[in-house]
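Me: Could you walk me through reading the features of a fold? I'd like the general idea, then the actual case.

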Amino acid sequence: MSLLLINGPNLNLLGQREPGIYGMDTLKSIESRLHELAKAEGFELECFQSNVEGELVNRIHQAFGKVQGILINAGAYTHTSIAIRDSLLGVSIPYVELHLSNTYSREPFRHHSYLSDKAVGLVSGFGPISYQLALQGLINYLRMSQQNK
Ligand code: DQA
């Protein structure tokens, strides 16, 4: 089974970007750790990052029929993008929303997400570990879905 990790705008700056909020790990190190964890569970993982909303939408479309589950940290687009929400619903691939920071303990404009209500689950506030928790949650969800078929 194949999974897709999507990271939105400014997450390419992890490691240098506001380390007090987002930690010191680079996106590359997070991605390689996640590759290993997915592999150990018998899943393939593809990773994609873009600062451009339309590129994120296009990548989600490409996943149709090829990917069984999506992990997404849409960055600031979480709070603004109906287009990303619609693309996830359009391909009907189950997804987990994740954030490094606890968006609900930050500015009010980060309290609304266009993705949460349709997600399998939401992980927020555990720094780079949010990615691992989201992966475990998604894999567990997919396994349970298989069993219930
Ligand atoms: C973020 C939270 C967003 O509000 C912010 O715009 C980001 C990162 C997080 O991972 O904590 O870019 O998604």
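This is a predicted model: local features need pLDDT of at least 70, side-chain atom pairs count only at pLDDT 80 or more; totals for chains, interfaces and linings use all residues.

Reply: Residues are numbered from 1 along each chain as its sequence is written, and side-chain values use heavy atoms, leaving out hydrogens and water.

Me: In what order do the 5 strands form the open sheet?

Reply: Strands are DSSP runs of E, at least two residues, and helices are runs of H or I, at least four, numbered from the N terminus. Two strands pair if DSSP finds at least two bridges between them. Here the order is β2-β1-β3-β4-β5, with parallel pairing. β2 (44-49) and β5 (121-124) each have a single partner strand, so one side of each lacks a neighbour in the sheet.

Me: Which residue of β2 is the bridge partner of Asn7?

Reply: That's Gln49; β1 and β2 pair over 6 bridges.

Me: Which strands does helix α2 lie across?

Reply: Angles run from 0 to 180 degrees between N-to-C directions of axes, lines fitted to C-alpha atoms, for helices over the stretch in contact (heavy atoms within 4.5 Å). α2 (residues 27-40) lies across β1, β2 and β3 (69-73), at about 160° to β2.

Me: Is Ser92 buried or exposed?

Reply: Buried means under 20% relative accessible area, exposed over 50%, partly exposed in between (1.4 Å probe, protein chains only). Ser92 is exposed at 60%, and its phi is positive, near 55°. Glu18 also has a positive phi, about 35°, but is partly exposed at 42%.
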